[in-house]
Amino acid sequence: MEYLIRFAQLHETFRLPELQSLASLVGTDLEIVHYDPCSPYCIIKLPNEDAARAVIARSILGKEIFELWTQGSTYEELHANVRGRTQHRWAQFKHDSFRFTVDGYGGHRSLTEKREIIGTFNYMGFEGPIRMKNPDQDFWIMEQYTPDFSPDSLMSESKGEKRGDPKKIYFARWIGNSSREATNQYDLKKRRYISTTSMDAELSLITANMAHAGPGKLFYDPFVGTGGFIVSAAHFGAVTLGSDIDGRSFRGKQKKGDPPGVFRNFQQYGTESKFGDVFTSDITNTPLREYQFLDGIVCDPPYGIREGLQVLGTRESRRGRNAAKEEIIIDGVPAHYRPDYIAPKRPYGFEALQNDILEFASRTLVTNGRLCMWMPTASDEDGELATPMHPNLKVISVSVQEFNLWARRLITYQRLPEGEVSDVSSSRQLKDGETGYTANELNAFRKKYFEKKKENKTGSEKGSPASR
Amino acid sequence: MKLFTANFLACAVKSCRTSPASFPLHFRDAELEQQELDFQPDFIRNILPRLDWDALQVIANELGFPKLPENKPADDSLGDEGLLRDIHKLLLETQVIEGKLVCGNCGHEYMIKEGIPNFLLPSHLV
């Protein structure tokens, strides 16, 4: 059976991976029949209506799912198809309450035009009451004014050119709504505890979907910060753990006896019972035991732009002299047991950190458990940073969010069963953990980011026309 | 910090990794608090097979809880709601608010303050 999904027209490279993740989560076969990144309408094949409801129920980028009845490139063709191909379905809905909805992409109709269009479907002979609120059946006419696969066609519309006729019209019966409303509920503007680096609600919920967060599961974020990812995983029912090398990030400003900032968010959303624990630790010296106990890991590791990346340890001096490795005792008490003790940290490599995360994930994820990791890249093609890989982890999908000077990717991995290995030949073998000294030497992304920024600046100062 | 979390934690010092004495970490001077939460039987059923039952018995004993069943509940007993509720209470609704976690191998102490344990190591242990 063919179904139509109406997507939100943004984060295009996340739309299919999210849909496919949800299909594999509910355990149904999904075939993409027609997908166009430049259109909200996508046609898929699913075994039945229950599967369609299950797949859309948690979607963030899908808005609704419909049973696709037919389509046409003109109204003439559409009506011919409705009469010719769907007549056997009409009787089934003859006495149900119903309404018709007209939707458009790249152009829209006035109310009068919409009413006229709906009137042309009179011949279907529905006799039930027309109900604008919660009807039994909601039939949608969806007009796409843009040609397929043409990202520029929307531009002419905004310049005030004549709308023209729709290029494609779908006729479909509504089946179910998605969870897109959750992006509003979890909006950062309304959240109690956030910081400048909190992931926006929409992408954080999508991440939880990609990672298969769900009831009964245990999820972990090793760079928890203000807890955006664990709050999203908890929304879908997972019990969550989080840690951070800087305990202040998840505690926030806290009077004695107050709950940590992250927990206040769980209270706000009524998911307190999904809050496991937060603790202070460093992924390179983690206290977590290395065996397969996590259902999912979701994280956005630090990029090292403002502050360099850090892990526990002391920085070796340029002369190669080792800093104090001996225990320090003050007034007979070991310094590290004093209340104001701050553990020393040293700079660390960007790729080394990612390799550590993959290694940790391969040891702690259960079979088929998922790792969703965000990773920044400079958005020029020759400088693209390779996708980190691990033999025990299969890359499921890579989605990109573009910014002005840079981009970031969401990479989804799945833990393979013992005995299966993935092909890692295209990943970079270099491990730069111990070789670099300065922040740029340690972090290829940081280097590229600032080189580009510099380039852009000199270009605009000269006021020269864009030469590239 | 909850008791189920303690089941996943061992001493963070690298040289302790191979020592069986580095797990479980032992609670000292623990101040406990009960917190009522929604009962989540599906989570308990999912997580039980991954728990080290011996370690949980050791910790529950050290904190003065009544003796747990000798063997980890499995199969039929997973349908026993009373038992699942007891385990839920112990694992998820019991919190250590203040105290220490101590490694049985190297003796290093990890502080727990306001329910949050700190596993950062001083440089001589990294």
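**Entry 1: helix 10 of chain A**

I started with what covers the buried residues of helix 10 of chain A, and found that the cover includes helix 8 (228-235), strand 9 (239-244), helix 9 (247-251) and strand 10 (275-280) of chain A. Bear in mind, as I do, that this is a predicted model. Which residues of helix 10 (residues 261-268) are the buried ones? I noted A:Gly261, A:Val262, A:Phe263, A:Asn265 and A:Phe266. Just after this helix, I saw that A:Gly270 has a positive phi of about 70 degrees.

**Entry 2: the sheet of chain A**

Next I traced the open sheet of chain A, whose seven strands come in the order 2-3-1-4-7-6-5 with mixed pairing. I looked for the edges and found strand 2 (31-34) and strand 5 of chain A there; each has a single partner strand, so one side of each lacks a neighbour in the sheet. From one strand to the next, I read an average twist of 40 degrees.

I then went through two of the pairings. Strand 1 (residues 2-7) and strand 3 (residues 41-45) of chain A run antiparallel and are joined by five bridges; here I found A:Glu2 opposite A:Lys45 of strand 3. Helix 2 (residues 49-57) of chain A packs on the sheet, where I see it touch strand 1, strand 4 (62-72) and strand 7 (168-177) of chain A. The direction of this helix makes about 80 degrees with that of strand 7.

At the other pairing, strand 5 (residues 98-105) and strand 6 of chain A run parallel, with eight bridges between them. I found A:Gly104 opposite A:Glu143 of strand 6. Is strand 6 (residues 137-144) mostly covered or mostly open? I have it as mostly covered, with six of its eight residues buried.

**Entry 3: helix 1 against helix 7**

I turned to helix 1 (residues 12-26) and helix 7 (residues 201-210) of chain A, which pack at about 40 degrees with their axes 8 Å apart. That angle is why I call helix 1 oblique to helix 7 in chain A. I logged the crossing of these two helices of chain A as left-handed. From helix 1, A:Phe14, A:Pro17, A:Glu18, A:Ser21 and A:Leu22 meet A:Ile206, A:Asn209 and A:Met210 of helix 7. I sorted the residues of this contact into five nonpolar, two polar and one charged.

**Entry 4: chain B on chain A**

Last, I checked the interface: 29 residues of chain B are in contact with 34 residues of chain A. On the chain B side, helix 2 (41-47) and strand 4 (116-117) each supply at least two residues. I found the largest share, five residues, in helix 2 of chain B. By type, I have 17 nonpolar, six polar and six charged residues on the side of chain B that touches chain A.

Note on methods. Residues numbered from 1 in each chain as written. Chains lettered and ligands numbered in written order. Predicted model: local features only at pLDDT ≥ 70, side-chain atom pairs only at ≥ 80, totals over all residues. Axes fitted to C-alpha atoms, helices over the stretch in contact; angles between N-to-C directions. Helix = DSSP H or I, 4+ residues; strand = E, 2+ residues; numbered from the N terminus. Parallel < 35°, antiparallel > 145°, perpendicular 65-115°, else oblique. Left-handed = near helix turned anticlockwise from the far one by under 90°. Contact = placed C-beta atoms within 7 Å. Nonpolar A, V, L, I, M, F, W, Y, C, P; charged D, E, K, R; others polar. Buried ≥ 20, exposed ≤ 12 C-beta atoms within 10 Å, placed from the backbone. Pairing = 2+ DSSP bridges.
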